[in-house]
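Hello,

Here is the structure I said I would pass on. My notes follow below it.

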Amino acid sequence: MSPFSHFLHELRLQHQIRQSELADLLGYEQSYISALEVGIKGRPTDEFIKKLATTLALPPSVQLELQEIVAASDRKLTLPTDSPQSVYWMLKRLRDQLDNLHPLQVKLIQDALAMRGSLVDPLPEPVRRIKRRRREETTM
């Protein structure tokens, strides 16, 4: 279930309305609301999101959260054309194993992605060492 599917279901329950009632309020078919809630349909349109936020009078903080949730629910990925081959191969391996990932593997991937900030910090400058004089130079 996508983050949006879960969010929409919980939101509807919080407002104590049925799928058919939400569909009528938003001007959509009940089958579309159901498909969104179970995750059959992908990311909803911006128009749907605006109608949902307006109709249910969602506060600005929830609307921001909703935007993040919609973005996280996008099932399609487009790589920049200048991506290195290693990224293509990594994503292929991830796609091949996606259905069989253990929760610990998912956590490790998330932790690795969270390291991004620390990896781009500049490295400390190397310590400069003072050259020692050779004995020959000191005895002259």
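**Helix packing, aromatic pairs and the main pocket**

Helix 1 (residues 3–14) packs against helix 3 (residues 30–38) at an angle of about 120 degrees, and their axes lie 6 Å apart. That angle makes helix 1 oblique to helix 3. Keep in mind that this is a predicted model.

Which residues make the contact? Helix 1 contributes Phe4, Ser5, Leu8, His9 and Arg12. Helix 3 contributes Ile33, Leu36, Glu37 and Val38. By type, the residues of this contact are five nonpolar, two polar and two charged.

Next, the aromatic rings. The whole structure holds four aromatic pairs. One of them is Tyr28 with Tyr32, a stacked pair with 5.3 Å centre to centre and 20 degrees between the planes. Tyr28 also pairs with Phe48. Here the ring centres are 5.0 Å apart and the planes stand at 70 degrees, so the pair is edge-to-face. This pair links distant parts of the chain, 20 residues apart. Tyr28 sits in the loop between helix 2 (19–26) and helix 3, while Phe48 belongs to helix 4 (residues 46–55).

Last, the largest pocket. Its volume is about 980 Å³. The lining has 23 residues, and Leu77, Leu91, Leu94, Arg95 and Leu98 lie nearest the centre. Helix 6 (85–97) and helix 7 (103–114) are the elements that give two or more residues to this lining. Helix 6 supplies the largest share, seven residues. The lining divides into 14 nonpolar, five polar and four charged residues.

Best wishes

Terms used: Residues are numbered from 1 along each chain as its sequence is written. This is a predicted model: local features need pLDDT of at least 70, side-chain atom pairs count only at pLDDT 80 or more; totals for chains, interfaces and linings use all residues. Side-chain values use heavy atoms; hydrogens and water are left out. On a 1 Å grid over the protein atoms alone, a cavity is a set of points where a 1.4 Å probe fits but cannot get out, and a pocket is an open set with protein on both sides within 12 Å along at least five of seven lines; lining residues have an atom within 4 Å of a point. Grid points are joined across faces, edges and corners, and a volume is the space filled by probe spheres set on the points. Helices (H or I, at least four residues) and strands (E, at least two) are DSSP runs, numbered from the N terminus. Ala, Val, Leu, Ile, Met, Phe, Trp, Tyr, Cys and Pro count as nonpolar, Asp, Glu, Lys and Arg as charged, and the others, Gly among them, as polar. Axes are lines fitted to C-alpha atoms, for helices over the stretch in contact, and angles run from 0 to 180 degrees between N-to-C directions. Angles under 35 degrees count as roughly parallel, over 145 as roughly antiparallel, 65 to 115 as roughly perpendicular and the rest as oblique. Contact means heavy atoms within 4.5 Å. Rings of Phe, Tyr and Trp (its six-membered ring) pair if their centres lie within 6.5 Å; planes under 30 degrees apart count as stacked, over 60 as edge-to-face and the rest as tilted.
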